[in-house]
Amino acid sequence: MKPRLYGYWRSSASWRVRWGFELKQVDYEYAPVNILKKENRERAHLARNPAGALPVLEVEPGHYLAESLAILEWLDETYPKQGLRLYSGTSFERARIRQLCEIINSGTGPLQTPHAQGQHSADAKERQKWAQYWIERGLRIFDQVSASRRGLYSVGDKPTAADLCLIPQIYNAKRFGVDVQTLAPGLAKIFDRALATPECHRAAPEQQVDAVK
Ligand SMILES: N[C@@H](CCC(=O)N[C@@H](CS)C(=O)NCC(=O)O)C(=O)O
């Protein structure tokens, strides 16, 4: 079977993996799970991932892998000669890519989720301020850390896993009203450059079959 990706159009972690499949030129089947309808909390999905989160990859029938970065590493290691290397360069550069991924995946993403916002406050304005604070902080750190090895993309001149984390996070930042252009113009440029490529565009939320327009 083709790998089956359970995802949601607006899930930034799902976008990372969709773009990863595009860059690796690996065919996959997309199986939408509706977060708004809480389908990710239903028994069928909890059996795939007890955390109830998306994305989840069904690698083989009944064999599930969650956590987008684990999935990306699986993809890159399973198809080392196909498409683009998602973790490329010297061992230092590969470690730098992982560092940048974590700045988004563990240092930013979890703090701006509806869950974290809800724990912080019941007031919509307060929740927005909270999300903006963590997103701005994360992007500022990403900007500073990536500055020394940045080329056309975050590390060098080709997209890597670091960009797979960055671009969906910037998309989220814009939804939360963060002025990324002023905050980190270098990252805003990478965002525009990436979205102009067919691979990133095909993986983007609005292009998915489950997108609500
Ligand atoms: N670190 C995880 C994050 C997964 C995650 O938080 N996914 C969100 C969508 S981007 C989700 O499923 N949220 C719904 C929920 O947790 O109820 C990954 O990289 O896969």
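Analyst: The axes of helix 4 (91-105) and helix 6 (124-146) come within 9 Å and cross at roughly 170°, where axes are lines fitted to C-alpha atoms over the stretch in contact and angles run from 0 to 180 degrees between N-to-C directions. Because angles over 145 degrees count as roughly antiparallel, helix 4 is roughly antiparallel to helix 6. Helices here are DSSP runs (H or I, at least four residues), numbered from the N terminus. This is a predicted model, in which local features need pLDDT of at least 70 and side-chain atom pairs count only at pLDDT 80 or more, while totals for chains, interfaces and linings use all residues. Residues are numbered from 1 along each chain as its sequence is written, and side-chain values use heavy atoms, with hydrogens and water left out.

Contact means heavy atoms within 4.5 Å; helix 4 contributes Arg96, Gln99, Leu100, Ile103 and Ile104, and helix 6 contributes Gly138, Leu139, Ile141, Phe142, Val145 and Ser146. The residues of this contact divide into seven nonpolar, three polar and one charged, with Ala, Val, Leu, Ile, Met, Phe, Trp, Tyr, Cys and Pro counted as nonpolar, Asp, Glu, Lys and Arg as charged, and the others, Gly among them, as polar.

How values were computed. Helix = DSSP H or I, 4+ residues; strand = E, 2+ residues; numbered from the N terminus. Parallel < 35°, antiparallel > 145°, perpendicular 65-115°, else oblique.
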